[in-house]
Amino acid sequence: MAINNKTTTILLVVYTVVATVNVVAELQRFDHRPTKADGSLDILVVGDWGRRGLYNQSDVAFQMGKIGEKMNVDFIISTGDNFYDDGLTDDQDPLFVESFTEIYTAKSLQKQWYSVLGNHDYRGNVFAQLSPTLRQRDSKWLCLRSFIVNSEIVEFFFVDTTPFEDKYFTEEDHDYDWRGILPREEYLSNVLKDLETALEESSATWRIVIGHHTIFSAGHHGNTQELVDQLLPILEEKEVDLYINGHDHCLQQISNPNSELQFLTSGGGSKAWRGDINQWNPNELKFYYDGQGFMTLRITEDEIGVAFYDVFGEILHEWSTSKYTNKDS
């Protein structure tokens with residue numbers, strides 16, 4: 001990693017991929033250019049995983065490696081809750097190696113990982129996961145609070161959703177690391193303002209927002225009302241194509257009746273099978289699976305294709321959209 005203090009440009013080199021970071025408003029921006037000749041991107045998405053390989057985490061990782069090789073994936077997205085149950089203690093915590101480096105060992109998974117924080121991550125030392133020391137221990141790791149990944153035809157906007165939830169500031173069963181968040185109202189205002197500005201300035205064909213928490217979900221946690229009230233209006237106004245989250249330990253697709261926005265959950269990286277599902281309008285709930293698995297994205301100039309895989313590597317559900325039509329499989 002080289003830092004040019006004059007231009008405030010950071011170069012992160014992972015195999016043949018070069019990512020450049022600068023600043024858009026208050027959000028760091030990484031340019032992760034497609035390497036395929038047609039400009040397409042293939043991406044794996046997994047969430048709620050870090051359990052030292054237990055609860056089928058290793059099995060999910062194995063299938064991710066196989067599908068990743070087949071697709072020649074460009075990078076991997078983590079939707080948060082990266083380390084259970086209480087995040088990392090510091091940047092030397094062995095849990096990092098035991099739940100990440102030693103689990104995602106396939107060659108196809110040695111690409112850049114872009115990760116957001118989940119609520120379980122906030123129960124530990126948040127700055128440990130954000131620390132450059134982790135990138136020195138494993139160069140594929142990158143976790144920030146909120147940031148942008150620009151891949152030319154698509155931009156990904158990663159949003160720190162945990163501080164939006166009121167209950168985390170009042171519950172007594174767990175302690176949260178709120179360093180860098182307080183005063184909360186100012187922090188949340190800046191996150192929303194910076195996201196809105198970045199979406200407004202984006203010229204990408206596709207715009208995808210990533211957060212840990214659900215906006216809408218038929219799963220155990222259900223809807224996150226704070227995000228429905230504060231984040232959703234921005235996504236709808238700026239015509240975001242997908243909102244992708246974890247938090248509920250399931251795989252899921254919900255359609256928005258008010259726009260083309262789709263809500264996709266990929267939170268099946270390890271412990272799952274809660275056995276509960278809330279009633280939902282079948283015209284909106286396109287797919288729900290209570291078990292472990294992961295999601296893939298294939299993005300071209302004309303189309304996004306989504307596939308959900310189970311722990312055996314079988315496709316459970318596929319969906320695609322273009323700027324002109326939507327198709328379900």
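## Lining of the largest cavity

The residues lining the largest cavity divide into 7 nonpolar, 1 polar and 1 charged (Ala, Val, Leu, Ile, Met, Phe, Trp, Tyr, Cys and Pro count as nonpolar, Asp, Glu, Lys and Arg as charged, and the others, Gly among them, as polar). They are Leu 27, Ser 146, Phe 147, Phe 157, Phe 158, Val 159, Val 191, Asp 194 and Leu 195. A cavity is a set of points on a 1 Å grid over the protein atoms alone where a 1.4 Å probe fits but cannot get out, and lining residues have an atom within 4 Å of a point.

This cavity has a volume of about 40 Å³, a volume being the space filled by probe spheres set on the points, with grid points joined across faces, edges and corners. At least two lining residues come from each of β9 (154–159) and α5 (184–201); helices (H or I, at least four residues) and strands (E, at least two) are DSSP runs numbered from the N terminus.

## Basis of the model

The model is predicted: local features need pLDDT of at least 70, side-chain atom pairs count only at pLDDT 80 or more, and totals for chains, interfaces and linings use all residues. Residues are numbered from 1 along each chain as its sequence is written, and side-chain values use heavy atoms, with hydrogens and water left out.

The structure holds 2 cavities of 30 Å³ or more.

## Helix α5

The end C-alpha atoms of α5 are 26 Å apart, in agreement with the 26 Å that its 18 residues should span at 1.5 Å a residue (the expected span is 1.5 Å times one less than the number of residues).

Buried residues of α5 are Arg 184, Tyr 187, Leu 188, Val 191, Leu 192, Asp 194, Leu 195, Ala 198 and Leu 199. These cover an arc of only 165 degrees around the axis, so they lie on the same side of α5; the arc is that of the directions from the helix axis to the C-beta atoms. Glu 185, Glu 200 and Glu 201 are exposed on the other side of α5. Buried means under 20% relative accessible area, exposed over 50%, and partly exposed in between (1.4 Å probe, protein chains only).

## Annotated binding site

An unreviewed UniProt entry carries the annotation "binding site" for Asp 81, Asn 119, His 212 and His 247. They are spread over 167 residues of sequence but cluster in space, with a largest C-alpha distance of 8.3 Å. UniProt positions are given in the numbering used here, feature names are shortened, and annotations may be inferred rather than shown by experiment.

Asp 81 sits in the loop between β6 (75–78) and α2 (95–101). Asp 81 is buried, with a relative accessible area of 1%.

Terms used
On a 1 Å grid over the protein atoms alone, a cavity is a set of points where a 1.4 Å probe fits but cannot get out, and a pocket is an open set with protein on both sides within 12 Å along at least five of seven lines; lining residues have an atom within 4 Å of a point.
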